[in-house]
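The structure consulted is shown first.

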Amino acid sequence: MDWPTDVQVLARHLRLSSFAIIGGSGGGPYALACAQVLPQDMMSAVGVLAGAGNWRARAHHMPWIYRASKLAAEHWPAGLRGLLTFVVWMLRHGMNTQMATQRVNDYLTKDQDQHDEFVKERRAQLLHILFESFAQGVGPAAYEAKLLSQGWGIEFGHITYNNLHIWHAEKNWNSPLPMTEYYVKLLSNSPYSKVFEDDTHFTIHKYHEIL
């Protein structure tokens, strides 16, 4: 819950009197924390895009690999860091192979008419986003796994901000819908909430209303 303070200090440094906040995936809880703590007139809007689910909704909703990561983050963090190091190494090498490059290109070509950049540029952007989480090594990612699977410290009933938007995907394997529905029901002000059918954690970003 100290994240909103960091955001407020940054806003003052940049001389921003008002701004919008959006948290995607693991950033969702941080956006909710801002909605609870920051002065309402400081935020023009707060959005949660395919946000991480709250584990109070019960862990059985989560895929087994995330439940295993939670246990490792709590009881064997060194092992989790070692596993992540190996996974990142495999991804870096695998994504540069001819087969992986072709598959990514084929995927990006499907909606190329909606983008100004060439496929090669979009693939480079995608890879940058993929590995940005590990720019400081795997330690922060392992610690984040622990933070997200514990109590967030957010009092959902105390969030009174009235311009909160929550978008989620029906087929979000990474963050199952019931875990988001759990905290949406606890919010004191009914937020704008929309579930995109047939979309996943990685396809929900394409809708113009979110942008």
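I classed residues by relative accessible area: buried is under 20%, exposed is over 50%, and partly exposed lies in between (1.4 Å probe, protein chains only). This is a predicted model, in which local features need pLDDT of at least 70, side-chain atom pairs count only at pLDDT 80 or more, and totals for chains, interfaces and linings use all residues. Residues are numbered from 1 along each chain as its sequence is written, and side-chain values use heavy atoms, with hydrogens and water left out.

Entry on salt bridges. I took a salt bridge as a side-chain nitrogen of Lys or Arg within 4 Å of a carboxyl oxygen of Asp or Glu. By this rule I found four. Helices (H or I, at least four residues) and strands (E, at least two) are DSSP runs, numbered from the N terminus.

I looked up Asp198, which pairs with Lys171 at 3.4 Å between the closest N and O atoms. This pair links distant parts of the chain, with Asp198 in the segment after β4 (192–196) and Lys171 in the loop between β3 and α8, 27 residues apart. Asp198 counts as exposed because its relative accessible area is 55%.

I next noted Arg122 and Asp111, whose closest N and O atoms are 3.1 Å apart in a salt bridge. Arg122 belongs to helix α6 (residues 119–132) and Asp111 to the loop between α5 (98–109) and α6, 11 residues apart. At 9% Arg122 is buried, whereas Asp111 at 23% is partly exposed.

I also recorded Glu74 with Lys70, at 2.9 Å between the closest N and O atoms. They are separated by about one helical turn, because they lie four residues apart in helix α3 (residues 64–75).

Entry on Ser175. I located Ser175 in the loop between β3 (164–169) and α8. It is buried, since its relative accessible area is 2%. With contact meaning heavy atoms within 4.5 Å, Ser175 touches Gly51, Ala52, Gly53, His168 and Thr180, not counting residues up to four places away in sequence.

Entry on Glu181. I placed Glu181 in helix α8 (residues 177–184). Its relative accessibility of 36% makes it partly exposed.
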